[in-house]
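Subject: Model handover

Hello,

Here is the model we talked about. Please load it first, then read the notes below.

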Amino acid sequence: MPGVRCIRADTDGGQLGGGAPRVVWLTLGADPRLISVCSAAQRLIEENRPCHLVWDPLTGDVAQLLPIVRAACTLGTPENIDYAPNLLPHRQPRVNREGRLCVQIGVLGSPREPFTGYQMIGLSEILAWLDSWHIPRRWPAGAPAPFRAAARARSRALWALGGHFGASQVPDCESIGPGGIDIDQIVSADTVVRELPEPALAGSALAGSALTGPGPIRLGSRAAHEIPVAPPLSAAAV
């Protein structure tokens with residue numbers, strides 16, 4: 001994604017299997033006022049379950065962990081980043097690889113407090129990037145269920161249509177996030193008017209970029225210096 005910080009994960013979910021492109025919004029059970037994007041990304045990498053983007057809707061800080069053309073590993077794992085690694089599944093669910101694109105966006109937030117109630121700084125840039133990959137701005141399964149609402153069926157037929165989904169709507173997963181978000185705010189959000197590089201499915205989008213490897217995990221209160229201005233990403237915008 002253009003202009004965002006890259007924190008490259010060592011592992012990914014492998015080659016995508018094909019089908020309609022989709023994006024999944026999930027929450028990481030982390031308070032964005034206490035946990036930084038960098039800390040959350042490093043924890044996901046440490047536990048070998050990276051998503052594509054980690055986003056702080058309060059500050060607009062974004063980190064990219066994987067190229068969009070590779071499968072992520074977050075679906076089917078517990079949503080909270082503060083838990084014991086021995087709870088991780090031995091094998092990643094197949095759903096992570098379904099779709100010619102299956103973009104997973106980990107939002108700093110909780111299902112109890114829908115992130116659409118925040119300022120959502122940086123949403124337009126994220127949507128412009130998704131639009132450039134021709135992921136339709138539709139929610140086939142409707143709005144995700146509010147926190148602690150009765151479980152709704154996770155339809156494979158709707159999943160196959162592609163578009164936008166909450167993690168709570170993904171088949172073969174037990175996630176309850178992102179909670180009762182206002183999907184109209186996402187569907188109708190204006191995108192940034194700027195040139196985006198033409199997506200290229202061949203090769204890694206992060207090749208040739210300055211990548212930052214995993215560092216120490218800090219899950220305490222963050223200081224301002226933990227959110228540096230991201231250097232421009234010179235490679236293809238995936």
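A cavity here is a set of grid points where a 1.4 Å probe fits but cannot get out, and its lining residues have an atom within 4 Å of a point. Keep in mind that this is a predicted model.

**Cavity**

The search of the whole structure returned one cavity of 30 Å³ or more. The largest cavity has a volume of about 70 Å³. Its lining consists of Leu26, Thr27, Leu28, Arg49, Thr74, Leu75, Thr77, Pro78, Glu79, Ala167 and Ser175. By class, that lining has five nonpolar, four polar and two charged residues.

**Overall layout**

The protein has four helices and six strands. Along the sequence they follow the pattern β-β-α-β-β-β-α-α-β-α. Of the 238 residues, 53% are buried. Take the contacts between residues at least 6 apart in sequence: 81% of them join residues at least 24 apart.

The six strands form an open sheet in the order 1-4-3-5-2-6, with mixed pairing. Which strands stand at the edges? They are strand 1 (5-6) and strand 6. Each has a single partner strand, so one side of each has no neighbour in the sheet.

Strand 2 runs parallel to strand 5, and six bridges join the two. Arginine 22 has cysteine 102 in strand 5 as its bridge partner. Threonine 27 stands opposite valine 107, also in strand 5. Strand 2 is also parallel to strand 6, through four bridges. There, tryptophan 25 has glycine 166 as its bridge partner.

Is strand 2 covered or uncovered? Mostly covered: six of its six residues are buried. In a regular strand the side chains alternate between the two faces of the sheet. Here Arg22, Val24 and Leu26 point one way, while Val23, Trp25 and Thr27 point the other way. Two of these residues, Leu26 and Thr27, are also in the cavity lining.

**Helices on the sheet**

Helix 1 (residues 37-46) lies across strand 1, strand 3 and strand 4. It runs at about 145 degrees to strand 3. Helix 2 packs on the sheet as well, touching strand 2, strand 3, strand 4, strand 5 and strand 6. Its direction makes about 150 degrees with that of strand 2.

Why is helix 2 described as largely enclosed by the rest of the structure? Eight of its ten residues are buried, and buried means under 20% relative accessible area. The buried set is Leu123, Ser124, Ile126, Leu127, Ala128, Trp129, Leu130 and Ser132. These residues pack against strand 2 (22-27), strand 3 (53-55), strand 4 (62-64), strand 5 (102-107), strand 6 (163-166) and helix 4 (183-187). Just after helix 2, histidine 134 takes a positive phi of about 65 degrees.

**Leucine 123**

What does leucine 123 touch, leaving out residues up to four places away in sequence? The contacts are Trp25, Trp55, Gln185 and Ala189. Leucine 123 and alanine 189 are 66 residues apart in sequence, yet their C-alpha atoms are 7.8 Å apart in space. Trp25 belongs to strand 2, where it is buried.

Best wishes

Terms used:
Residues are numbered from 1 along each chain as its sequence is written. This is a predicted model: local features need pLDDT of at least 70, side-chain atom pairs count only at pLDDT 80 or more; totals for chains, interfaces and linings use all residues. Side-chain values use heavy atoms; hydrogens and water are left out. Contact means heavy atoms within 4.5 Å. On a 1 Å grid over the protein atoms alone, a cavity is a set of points where a 1.4 Å probe fits but cannot get out, and a pocket is an open set with protein on both sides within 12 Å along at least five of seven lines; lining residues have an atom within 4 Å of a point. Grid points are joined across faces, edges and corners, and a volume is the space filled by probe spheres set on the points. Ala, Val, Leu, Ile, Met, Phe, Trp, Tyr, Cys and Pro count as nonpolar, Asp, Glu, Lys and Arg as charged, and the others, Gly among them, as polar. Buried means under 20% relative accessible area, exposed over 50%, partly exposed in between (1.4 Å probe, protein chains only). Two strands pair if DSSP finds at least two bridges between them. Axes are lines fitted to C-alpha atoms, for helices over the stretch in contact, and angles run from 0 to 180 degrees between N-to-C directions.
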